[in-house]
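Please open the model in a viewer and keep the sequence beside it.

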Amino acid sequence: MPKHLNLKTASAGLVAAIFGCSGPALIVIGGANKAGLSNGQTVAWLFAIYFLGGLISIFLALRYKQPVTGAYSIPGAALVAGSLATFSFDQAIGAFVMSGIIVFLLGVSGLIGKVMRWLPMPIVMAMIAGALIRFATGAVSAVGTAPIIAGAAIIAFFVSMRFIKAVPPVLAALVVGLIAAFATGSVGGGSAEIAFVMPEFTAPAFTLDAFLAISIPLALLVIGAENAQATGVLMAEGYRPPINMMTTISGLGGIAAGFLGGHNANIAGPMTAICSSEQAGENKEGRYAATVVNGVLFGAFGLIAGAAVPVVMSLPGALIGTVAGLAMIGVLLAAFQNAFGRTLGNQTGAFVALAVAMSNISILGISAPFWALVAGVIVSFIVERDGLLTRATAPSEAV
């Protein structure tokens, strides 16, 4: 790995880590506060998802030499935050563990790999484009809320892309955006209501109600949203992702995180997109180093979560959103090209998948990416002349 560890891979890993350690952490902290959890329980939750997510990144990146990045489900955190109004925390933890067991069993059975190989590639790519387009539009929206910070970052990105080949554009955007943020006094506005305390672990309690309300929707989110996004992103970049192993590891991460007090630790869609993009280097074979960097930073964040959260929260949201959106450009281009190329079939189904994924709809607690795949496949089966047989050939799963 050392020969692939350079400015581009390090900057992509850093951007992915900042993205994952900022806004998503607030969802967890906000949910914990509303549920009346102690500071120790909140820190244990953060430790579980960040430390184990970092370990997943490091293990899979070094094992498969691919930028398969671990973290946790952001919509899953929102789902859990809402469920804590109904269930006690020990019941929720039991549900986290059961969710991990479901994902693990689906991974070792090989079922998920078969499903992903069967899905038409244009529909998968359209789902990716629809799910990740919000990052690109978020960068545009940031110009309206913080024109100086977002505008400086965007200009630096494209100027660096055109004239300064030695500096990764995403790193240039981050540095210039930070300078603009400091210059306008925008750093330091965020805060978190937890201090540096030791994690407080809670014994799980297993109930049928929590299993039905939390475990099943959370497992579907991990598989149908996070893992599906990450798999599609990697395929769009020309990788052969180890689909079954990704699912199995997500299950093991969910079980371990549950016992530690976190809702899951699994493969992350958006952060895999950042670490696998061209911003992590022109050499596709070396981009996994960005995931290793991200994993180290994620793990470190988990270890010092109580002290690190306020620091990261001090960064302006407009800067984080802008840099994340800029980092997604290459992934989105590849996704659109692979979804709507002239020689590909399933175009109607792909368009439906794009529209559903962009809608951000949630049904039965399951987010839009899963329903985008379902709707796209159904429409293609009904409308397309040759049905699902016209699908583009997907890269086969790595052994």
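Begin by selecting Ile382, which is placed in helix 18 (residues 368-383); helices (H or I, at least four residues) and strands (E, at least two) are DSSP runs, numbered from the N terminus. This is a predicted model, in which local features need pLDDT of at least 70, side-chain atom pairs count only at pLDDT 80 or more, and totals for chains, interfaces and linings use all residues. Residues are numbered from 1 along each chain as its sequence is written, and side-chain values use heavy atoms, with hydrogens and water left out.

Is Ile382 buried or exposed? Ile382 counts as exposed because its relative accessibility is 64%; buried means under 20% relative accessible area, exposed over 50%, and partly exposed in between (1.4 Å probe, protein chains only).

Next, display the whole chain. The protein chain has 18 helices and 2 strands, and 58% of its 399 residues count as buried. Among contacts (heavy atoms within 4.5 Å) between residues at least 6 apart in sequence, 84% join residues at least 24 apart.

Leaving aside residues up to four places away in sequence, Leu132 touches Gln229, Val233, Pro270, Ala273, Met328, Val331 and Leu332.

Return to Tyr50 and examine the aromatic rings. Rings of Phe, Tyr and Trp (its six-membered ring) pair if their centres lie within 6.5 Å; planes under 30 degrees apart count as stacked, over 60 as edge-to-face and the rest as tilted. The count by this rule is 8 aromatic pairs. One of them is the tilted pair of Tyr50 and Phe298, with 4.9 Å centre to centre and 50° between the planes. This pair links distant parts of the chain, since Tyr50 lies in helix 3 (residues 39-64) and Phe298 in helix 13 (residues 288-303), 248 residues apart. Tyr50 is buried, with a relative accessible area of 0%, and Phe298 also counts as buried at 0% relative accessibility.

Finally, turn to the cavities. On a 1 Å grid over the protein atoms alone, a cavity is a set of points where a 1.4 Å probe fits but cannot get out, and lining residues have an atom within 4 Å of a point. Grid points are joined across faces, edges and corners, and a volume is the space filled by probe spheres set on the points. A search of the whole structure finds 2 cavities of 30 Å³ or more.

- Select Val15, Ile18, Phe19, Leu174, Ile320, Val323 and Ala324, which line the largest cavity; its volume is about 40 Å³.
- Select Ser99, Gly100, Val103, Val222, Ser250, Gly254 and Asn264, which line the second largest cavity; its space is about 30 Å³.

How values were computed. On a 1 Å grid over the protein atoms alone, a cavity is a set of points where a 1.4 Å probe fits but cannot get out, and a pocket is an open set with protein on both sides within 12 Å along at least five of seven lines; lining residues have an atom within 4 Å of a point.
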